[in-house]
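Work through each task with the sequence and the coordinates at hand before reading its solution.

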Amino acid sequence: MNHIIGHKKLTVLLALTLSLLIVMGGMTSLTAKAAGAQATLVLKNGIIYTMDAEKPTAEAVAIQDGKIIFVGTSTQANAFVGATTKVIDLQGKMVSPGFLDGHTHVPGLWTSKLFAVDLTAMKTNEEFVQAVAAYRKNHPEAKIITGTGWVNGPYELKDGTNPGPKKEDLDKVVSDIPVLLRSVDGHSTWVNSKVLEMAGVTKDTKSPQGGLIEHNPDGSVRGTLRDSARNLIADVQALGNLTKEQYKEAILKYQEEMHSFGMTGVLNLSDDKGMIIEAMAELEKEGKLTMRVANAINFKPGDKPEDAVKTMQEARSKYNSDWLRVNTVKLFADGVTEGKTAYFVEPYDRHAGMGEHYHGEPIWQVDDFNRMVLALDKAGVQLHIHAIGDGAVNAAINAFENAGKTNGTHNLRHTITHVCSILDSDITRMAKLGVVASLQPFWFYKDQYFDLEKAMIGEKRALDMYPTRKMWDAGVVITGGSDFPPTPDYRPLNGIETGVTRNSPYPTEQDTDMVRNAAQGLKVQEMLQAFTKNVAFEMNRSDLGTIKVGNKADLVVLGQDITKIAPKNISETPILYTIVDGKIVFEAKQQKN
């Protein structure tokens, strides 16, 4: 009898233990249905990289009302399947948090593609000029011609210097109306003589701090204005400003394209005096915004700190939804290497043509820069500072350090973007201060910019750019960003591959000598984290970037496990589904069929 009672007790104990294990691993079918937890979408039988340290991988995920309600095994996920649940059998495919871009410019090239001259597929001066001529022929009513995408490469002279393109070439095809063409990096504008005439720029006009007016050998203005020198033609540029409806059209085109790349959100550095933010806010009201956006507002030298603080306080109060938030300010500490406007600790090479002791110069006066950073930090506003040269990076870190000492420490996740060159001592300081590095891995190989950088600062310094392994190991939070459209190709998988290989992601180039400092490459899992969890951190969004219960259901399904293949094949991996707020916003054609 005692034996029977003991057996019954053991049976009951085992049953209770089993029930507890089931509950801990995921709700039973009965419990799930009783709690009303029928999912709208279930993904199962896959390899899910959650980016959550407590549960790094899983087989299945269940989604309800735009949120993740379960992460675990495929068997457990069956408890959430009801009559109306859409179930996707992943058949071993990979799932990741939706890709996030930590530095981009919405709507990218779509404004040029739709409303201006798109030069991004062209490589020569002749092609650029003919594109302008063709645009004028097709738009005889135009009062101004704008465009984007020319590159500096074709304008390198025999002595290694690079003064950029000439106004005279544009004058040959359009001389009666202004023509303004932005370079692909966004830091130089090529204009015709009409623009200079309207803006009052002559051979006697001095280059402003942080900018450069290029000149011809005879001293006349060449027609290339770099960085802050472009402010001299701002009034003429304004004549070509787009309408809000045009921006909305371009944003929707960008959004459709980004979803096809597996992207679900961005930190957007486009402002254009609030027009783009207003356009996205209207799209949100219309139910058409399907990307998460943290948007920055730009301020420049001459802007008063108190005015900047007021603007930001109003903006973050007005724009603070699940889809669109504004609490970031972008400041430029310097320009770009190829434009000779980046600020370095060591001087430029002689081929820059700027003399033996030319270091570039910061865009701001140091005291003005520090006051702006200090005021915004005190007001709880995140800073996102453009810094290319190690001198500019150093100045940004100094400003953050000063703000911390004066205002106390905050969890604002101040960011320095690009960080092409950085002193080893400043890597340590970045990590200690908790400053985020928003990097562009698309630039980590010997791309079109490398040859220009080599000409400006020498081959060794160019090769040593982007020391990501050092930065990651030191504890710096690295986020993946594209800087689209200065980077015309902004597919996150290309960025992930290049961050690992430090080589071109394009099959036609991979077997040539395009590797830049391979020892600084990161692991695939690290790069995946950089484009998901780390950008969510940068955006101050704890509900994004990881696949865990309670987070937003923003996911991407990939055609293969990119952690298990040769890194050089990562960029060829197909995007099968992009899911935002629990809804499929992109589905590959083969999946539809």
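Predicted model: local features only at pLDDT ≥ 70, side-chain atom pairs only at ≥ 80, totals over all residues.

Helices (H or I, at least four residues) and strands (E, at least two) are taken here as DSSP runs, numbered from the N terminus.

**Exercise 1.** Describe the second largest pocket by its volume, its centre and its lining.

Solution. Begin with the volume, which is about 750 Å³ for the second largest pocket. Next consider the 29 residues that line this pocket, of which T120, V151, Y445, Q448 and P488 are the closest to its centre. Then turn to secondary structure: β10 (145–150) and α15 (448–457) each supply at least two residues of the lining, and α15, with four residues, provides the largest share. Finally, sort the lining by class, which gives 14 nonpolar, seven polar and eight charged residues.

**Exercise 2.** State how many cavities of 30 Å³ or more a search of the whole structure finds, and characterise the largest cavity.

Solution. The search finds four cavities at that cut-off. The largest cavity has a volume of about 110 Å³, and among the 15 residues that line this cavity, V336, E338, I388, W443 and Y449 are the closest to its centre. Sorted by class, the lining of the largest cavity comprises seven nonpolar, four polar and four charged residues.

Conventions:
Residues numbered from 1 in each chain as written. Heavy atoms only, no water. 1 Å grid on protein atoms, 1.4 Å probe; cavity = no way out; pocket = protein on both sides within 12 Å on 5 of 7 lines; lining within 4 Å. Points joined across faces, edges and corners; volume = space filled by probe spheres on them. Nonpolar A, V, L, I, M, F, W, Y, C, P; charged D, E, K, R; others polar.
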